[in-house]
Amino acid sequence: MVLFNVSGVETTPFDGQKPGTSGLRKKVKVFKQPNYLENFVQSTFNALTPQKVRGATLVVSGDGRYFSKDAIQIIIKMAAGNGVRRVWVGQNGLLSTPAVSAVIRERVGVDGSRATGAFILTASHNPGGPNEDFGIKYNMENGGPAPEGITDEIYENTKAIKEYLTADLPDVDITAIGVTSFGGPDGQFDVEVFDSASDYVKLMKSIFDFESIQKLLSSPKFTFCYDALHGVAGAYAKRIFVEELGAQESSLMNCVPKEDFGGGHPDPNLTYAKELVARMGLGKSNSEVEPPEFGAAADGDADRNMILGKRFFVTPSDSVSIIAANAVEAIPYFSAGLKGVARFYTFLCSPSLFCVSMPTSSGLDIVAKNLNLKFFEVPTGWKFFGNLMDAGLCSICGEESFGTGSDHIREKDGIWAVLAWLSILAFKNKENLGGGELVTVEDIVRNHWATYGRHYYTRYDYENVDAGAAKELMAYLVKLQSSLGEVNEIVSGIRSDVSKVVHADEFEYKDPIDGSISKHQGIRYLFEDGSRLVFRLSGTGSEGATIRLYIEQYEKDPSKTGRDSQDALAPLVAVALGLSKMQEFTGRSAPTVIT
Ligand code: G6P
Ligand code: ZN
């Protein structure tokens, strides 16, 4: 066994190591500065209780982006230096964010150990490569992101750090499965490299009826494709969709994980998932090749998802509502073990609670009311769901930002969402695979609108705007809220066909579990007819500021739910841009991304 020594290395603080919505995200060049990563990791160790460090088992892995391999070796050495007993690493350093959550919650090590936390190395949907982004976040023993109390403490520690601890270990081979043991001043230290997919696949098999999905995927009537955008989802897609569920290998697009995501922007939306969007026939009326029936994509760390039907886009807000409305019938996990019994009984055991983030459309609220279920609205950020889930108050949740999930883990889950949709399609087509018309993704969405009404919804993103200008715009909108009379004068001056603003505020949230209050979570303008405008600053960018504008209009009349979304929303869009003086403040005449 190789022996090692531990030493303290002197260091000085760096500015700006405050974790954002989802950890610390900066350009690779920033992370590569000597001691930059080390300071953040030591500050994290110092923010944890000693039993979560000394003698503990920690997971270290991520989406495989550029700099991950170096970062993993640095963290392994610092873990040994801080008295950690074991580090678990997914083979080649790859673990999707949902898989990390599953590993913390479910995995038992070769020696019977369990993990109490994880360093996840990802900047999620931000591009990767030497000139792009790297990121790191810490997840707790429940499998979810560290709460604000911890991230605030990490930040305070980064401002005062003087020394970090590290061990003089050789680099560990993370390409081969197995355990490497070392001997240090506190005794043995192990690095266990394990298969990145097995634990996650096992969990998915316990949630979904793989047999029924397999029947769907192997039917010649149903065609499928999946785009991992060269992110870590590729490491799971082949295992699950091809090996377990029998999809064609040719269904997989960009499923080889790459350090720079093939030069692309690994964000599953209509702008960045261009290849998938084309393959699904969106934006083209007469494509020569018949598009598949179902298409989906994931982001870099595989927690986000986009769902598409043939020539049809499912908004993330609609997606979570539809999954929730169909979960009891179509997904065994939610029928509380009553799989196979009559529909009447399964409804008695429906998942009790639905949750969305505030800017997400109000669609799920209406499903919850219809099913007589409780509904929570939280600020943007998955960690808010986690608290509710731990208290048994949230079963299915989702966000407009292409995140969907449930209480099976404490992160959103891109592949789970795809399996949920395939389960619904399999359920609706049980009788149709032999003969009869296939119920399509589009049919499911249109039927949903016919039952619950439709929330026309769009989001405008203004990326990398001058941070000062973005703040001024937000301050202006808050000030404007004090006079609804003035607001309505402006609104009617822009479009007389838009209804009146009846309420305006800044969203604030009191966590029902820990009582913590989150302020300034988005500026809302609520209209008489149920329409809504929300303005928010993104918490996940790495440069400048990103302004997000969320626009929503509710239509109950089934004869009017089939319009083109951008057409239907055009009046509200004009009002939003005029009211906020978007161009005046930002100098931008158009958003960077529209979803
Ligand atoms: C991450 C979080 C999500 C959040 C999203 C958007 O993906 O996990 O919960 O909705 O970022 O954040 P942003 O602050 O950029 O709108
Ligand atoms: Zn992500």
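Trainee: Is Ser124 buried or exposed?
Mentor: In this predicted model, Ser124 lies in the loop between strand S6 (117-121) and strand S7 (133-139). A residue is buried if 20 or more other C-beta atoms lie within 10 Å of its own. Ser124 has 26 C-beta neighbours inside 10 Å, and therefore it counts as buried.

Trainee: What separation do the C-alpha atoms of Ser124 and Asp301 have?
Mentor: Leaving aside neighbours within four places in sequence, Ser124 is in contact with Ser22, Gly135, Asp299, Gly300, Asp301 and Thr540. Ser124 and Asp301 are 177 residues apart along the chain, yet their C-alpha atoms are separated by 5.2 Å.

Trainee: Which residues come nearest to ligand 1?
Mentor: The shell around ligand 1 has one nonpolar, 11 polar and two charged residues. Of the 14 residues around this ligand, the nearest are Trp382, Ser401, Ser538, Gly539 and Thr540.

Trainee: Why is the protein chain described as being as compact as a globular protein of its length?
Mentor: The chain has 19 helices and 27 strands. For 595 residues the globule rule gives 25 Å, and the chain is as compact as a globular protein of that length because its radius of gyration is close to that value, at 24 Å.

Trainee: What percentage of contacts between residues at least 6 apart in sequence join residues at least 24 apart?
Mentor: The C-alpha trace spans about 75 × 60 × 45 Å along its principal axes, and buried residues make up 52% of the 595 residues. Among the contacts in question, the share joining residues at least 24 apart is 73%.

Trainee: At which residue does H18 bend?
Mentor: Just after H18, Lys581 takes a positive phi of about 50 degrees. The bend belongs to the helix itself: H18 bends by about 50 degrees at Pro571.

Trainee: What covers the buried residues of H18?
Mentor: The buried residues in H18 are Leu572, Val575, Ala576, Leu579 and Ser580. Their cover includes helix H16 (467-480), helix H17 (484-494), strand S25 (532-537), strand S26 (545-555) and helix H19 (582-586).

Trainee: Which residues does Phe208 touch, not counting those up to four places away in sequence?
Mentor: Phe208 is placed in the loop between helix H6 (198-207) and helix H7 (210-218). With 22 C-beta neighbours inside 10 Å, Phe208 counts as buried. Its contacts, on that count, are Ile213, Ile331, Pro332, Leu419 and Ser423.

Trainee: What separates the C-alpha atoms of Phe208 and Ala574?
Mentor: These two residues are 366 residues apart along the chain.

Trainee: Is Phe67 buried or exposed?
Mentor: Phe67 is found in the loop between strand S4 (57-62) and helix H3 (68-81). Its phi is near 85 degrees, a positive value in a residue other than glycine. With 23 C-beta neighbours inside 10 Å, Phe67 counts as buried.

Trainee: How does Asn464 count with 14 C-beta neighbours inside 10 Å, and in what class does that place it?
Mentor: Asn464 is found in strand S20 (residues 454-465), and its phi is near 50 degrees, a positive value in a residue other than glycine. With 14 C-beta neighbours inside 10 Å, Asn464 counts as partly exposed.

Definitions and conventions: Residues are numbered from 1 along each chain as its sequence is written. Chains are lettered from A and ligands numbered from 1 in the order in which they are written. This is a predicted model: local features need pLDDT of at least 70, side-chain atom pairs count only at pLDDT 80 or more; totals for chains, interfaces and linings use all residues. Helices (H or I, at least four residues) and strands (E, at least two) are DSSP runs, numbered from the N terminus. The radius of gyration is taken over C-alpha atoms; the globule rule is 2.2 Å times the number of residues to the power 0.38. A residue is buried if 20 or more other C-beta atoms lie within 10 Å of its own, exposed if 12 or fewer, and partly exposed in between; C-beta atoms are placed from the backbone. Two residues are in contact if their C-beta atoms, placed from the backbone, lie within 7 Å. A residue is near a molecule or strand if its C-beta atom, placed from the backbone, lies within 6 Å of it. Ala, Val, Leu, Ile, Met, Phe, Trp, Tyr, Cys and Pro count as nonpolar, Asp, Glu, Lys and Arg as charged, and the others, Gly among them, as polar. The bend at a residue is the angle between axes fitted to the seven residues ending there and the seven starting there.
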